[in-house]
Amino acid sequence: MNPRRIKLIIGLMTLALGGIICLQIYWIGWNVRLNEEQFDKNVYAALNRVAGKLQYYEEVRVLEALNSSRGQGGEANRNIRRAAQHLENGFSKRRGAQQPDTLPNPGDGGQGFESNVTLWEYMKVSQLVDSKPLAERVPLDLLAKSIQEEIEGRGIRSAYQYGVYSKARGSYVIVNDHFVVEDSGPQIAQGGAPTLFNSPYKVALFTQDIESPGDLSLYFPNRTRIVLGSALGMISLSIVFTAIVLFCFWYTIQVIYRQKQLSEMKTDFINNMTHEFKTPIATISLAADSIGSPMILGNPDKIKRFVDIIRQENRRMNSQVERVLQMALIDKKDFELSLGELNLHEVIEQAVANFSLQIERREGVLHTDLQATNPVIEGDSTHIASVIHNLLDNANKYSPEIPDITISTRTVPIGVEVTVTDKGMGITKEVRKNIFDKFYREHTGNVHDVKGFGLGLSYVKAIMTAHKGLVDVQSELGKGSSFILTFPV
């Protein structure tokens, strides 16, 4: 796929995903704000209802005080009850008004005061009640019960604090079921008054007075949790689904780039294979043409020489094809190991003997340092020998100058460790990440000075995995590499 198209698709997917996330955040915020407004509405409704009840019961106390001051008998009591009933009916109709209906006018035909209870007398007694300190005008039991009923009746199940603030004293006089005696102002440290003082939930008390004497306040320490409570399910689901989408998006990008990398690696493999086959094919073609020449036909020695060249190049091509087919079988896991007791030192010595000639041609050296005390493992001798040969071959190919290779063994807690070390060109950190991938070769442009298909190290890893072993590489650019094989005993 065209790299520009890949970037365009990723850009569009990123834009779409970002839009979805922003939309989710907007809807979640909108839902939270809606819950917050509903919560505030319920709290203020509860406060107004409680303030109305306090106003109502004070009106009743005014009537009772008026009755006591007049010293009247049963008729006056009946008038008081009728007036109280009128107040209660008016309060019930309003359902949440800040104050109940006003008292009926005197002489209203028996519905309120009788002619012997004048409005002036009522106002006089009411003024006496209003002049009392605010704390004496608010019954603690009625206040606590009313707040609890109103809060729970609106579906609010949370801890809360409440208090009555007196403007005359400049401090709270009632906080959470008890009177506050000390006059320490709004910064009182007990009973939660500092939080109440800063709470937005406040309503004025006794608004029928010329000036309200104080406020009733509510504070919810868990307000944020309450507001988010109903939206918590939606928030959780949004986070989960967004995380899933983000993971899929990330995974898709990884797959796209992985496929792109595999495509490039396969293209390199085909190019390398073409280059590898081109030389022997050209050599075979040249040798065959030479044999057909009249000058060569009469010379048996030259014919034998060209036939040997053809046979050698043919074996070389067969070897390359066999390696590709072998990797295909390993990928399909369609191969079996012929396991048996195997002495690694013997395998290494045989591989060194076979490979030393190639090193000597380049005037290099191949050292052995076999120190493992128990080199016997369970393995397939053919595949293990191929693994050792592959590592020696790589060490030789990637040593641009005179090869200096060391193969060593040592005993480790889990088994035997075999290390092939060279002093060649080394490997970069980026290349080390992919060096065991099939077909992977370090990009060198169109230069094919190091021959191969990129199958050797992937074969090494596959065989080590099949033997339940480990393979690792340590390298520094320009200073050489060490390939470490660990075989379980």
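Glu150 and Arg49 form a salt bridge, with the closest N and O atoms 3.4 Å apart; the term denotes a side-chain nitrogen of Lys or Arg within 4 Å of a carboxyl oxygen of Asp or Glu. The pair links distant parts of the chain, Glu150 in helix H5 and Arg49 in helix H1, 101 residues apart. Helices (H or I, at least four residues) and strands (E, at least two) are DSSP runs, numbered from the N terminus. Both Glu150 and Arg49 are buried, that is, under 20% relative accessible area, where exposed means over 50% and partly exposed lies in between (1.4 Å probe, protein chains only).

The model is predicted: local features need pLDDT of at least 70, side-chain atom pairs count only at pLDDT 80 or more, and totals for chains, interfaces and linings use all residues. Residues are numbered from 1 along each chain as its sequence is written, and side-chain values use heavy atoms, with hydrogens and water left out.

Salt bridges number 13. Glu149 and Lys53 meet in one of them (3.5 Å, N to O). Glu149 lies in H5 and Lys53 in H1, so this pair ties together parts that are 96 residues apart in sequence. Glu149 is partly exposed, at 39% relative accessible area. Lys53 is buried, at 14%. Arg49, Lys53, Glu149, Glu150 and Arg154 are linked in a salt-bridge network. A further salt bridge joins Arg137 to Glu58, with the closest N and O atoms 2.7 Å apart. Arg137 is in helix H4 (residues 134-137) and Glu58 in H1, 79 residues apart. Both Arg137 and Glu58 are buried.

Helix H5 (residues 140-153) has 14 residues. Its span from first to last C-alpha is 20 Å, close to the expected 20 Å (1.5 Å times one less than the number of residues). Buried H5 residues include Leu142, Leu143 and Ile147. Just after H5, Gly155 takes a positive phi of about 75°.

The largest nonpolar core has 36 residues. Such a core is a set of buried Ala, Val, Leu, Ile, Met, Phe, Trp, Tyr and Cys residues joined through side-chain atoms within 4.5 Å. Ile388, Leu392, Val418, Phe483, Leu485 and Phe487 have the most contacts inside this core. Elements that each supply at least two core residues include helix H10 (344-361), H11 and strand S12 (480-488). H10 gives the largest share, 7 residues. Helix H11 (residues 381-397) has 17 residues and reaches 24 Å from first to last C-alpha. Ile388 and Leu392 are among its buried residues.
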